[in-house]
Amino acid sequence: MNIKNCKKCGKIYNYDGFNICYHCRRKEEEMFFTVREYIYSNTKADIREVSEATGVSTKKILEFLRQGKLEIKEGSNLILDCERCSKPIKTGRFCKECANEIEKELKGAFKKDNIDNSEQNSYRTGNKLNVKNRR
């Protein structure tokens with residue numbers, strides 16, 4: 001049994017893959033649903049208004065947007081910027097263009113890493129063969 005302290009409330013809980021306990025997760029879910037309902041019924045509200053009306057901090061609302069849990073509707077006063085190029089986006093951390101570029105870079109790095117590893121493995125195998133042949 002793996003026991004941890006909740007990052008939010010500090011209580012001990014049986015670790016289930018989340019850094020916060022079940023009760024804190026439920027509270028976050030309730031906040032999320034409250035914010036979502038308010039945003040979808042008040043599309044012209046800005047983040048300060050949403051925070052004041054729902055009692056949820058602006059930081060938590062931005063976290064929901066960055067996690068992709070919420071999406072800003074057309075015509076909304078909420079503003080979210082791409083973390084890479086600062087273009088306005090509706091949800092997440094990056095615009096589609098930056099997300100595609102990051103994905104390509106990661107795939108390229110992964111391929112390069114696999115090539116490097118296979119070259120090292122063949123080199124090691126070659127050395128072992130050479131060592132055996134010397135005996």
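**Helix packing around α2**

In this predicted model, helix α1 meets helix α2 through T34, V35, Y38 and I39 on the α1 side and E49, V50, A53 and T54 on the α2 side. Sorted by class, this contact comprises five nonpolar residues, two polar residues and one charged residue. Helix α1 spans residues 22-41, and its axis comes within 10 Å of that of α2, with a crossing angle of roughly 125°. Angles of 65 to 115 degrees count as roughly perpendicular and those over 145 as roughly antiparallel; α1 and α2 are therefore oblique to each other. Their crossing is right-handed.

Attention now turns to the contact of α2 with α3. Helix α2 covers residues 47-54 and helix α3 covers residues 58-66; their axes come within 9 Å and cross at roughly 115°. That angle makes α2 roughly perpendicular to α3. Here, too, the crossing is right-handed. On the α2 side the contact is made by I47, R48, V50 and S51, and on the α3 side by T58, I61 and L62. By class, four of these residues are nonpolar, two are polar and one is charged. V50 of α2 takes part in the contact with α1 and also in the contact with α3.

When neighbours within four places in sequence are left aside, S51 is in contact with V56, S57, T58 and I61. Of these partners, T58 and I61 are among the α3 residues that form the contact with α2.

Note on methods. Residues numbered from 1 in each chain as written. Predicted model: local features only at pLDDT ≥ 70, side-chain atom pairs only at ≥ 80, totals over all residues. Heavy atoms only, no water. Axes fitted to C-alpha atoms, helices over the stretch in contact; angles between N-to-C directions. Helix = DSSP H or I, 4+ residues; strand = E, 2+ residues; numbered from the N terminus. Parallel < 35°, antiparallel > 145°, perpendicular 65-115°, else oblique. Left-handed = near helix turned anticlockwise from the far one by under 90°. Contact = heavy atoms within 4.5 Å. Nonpolar A, V, L, I, M, F, W, Y, C, P; charged D, E, K, R; others polar.
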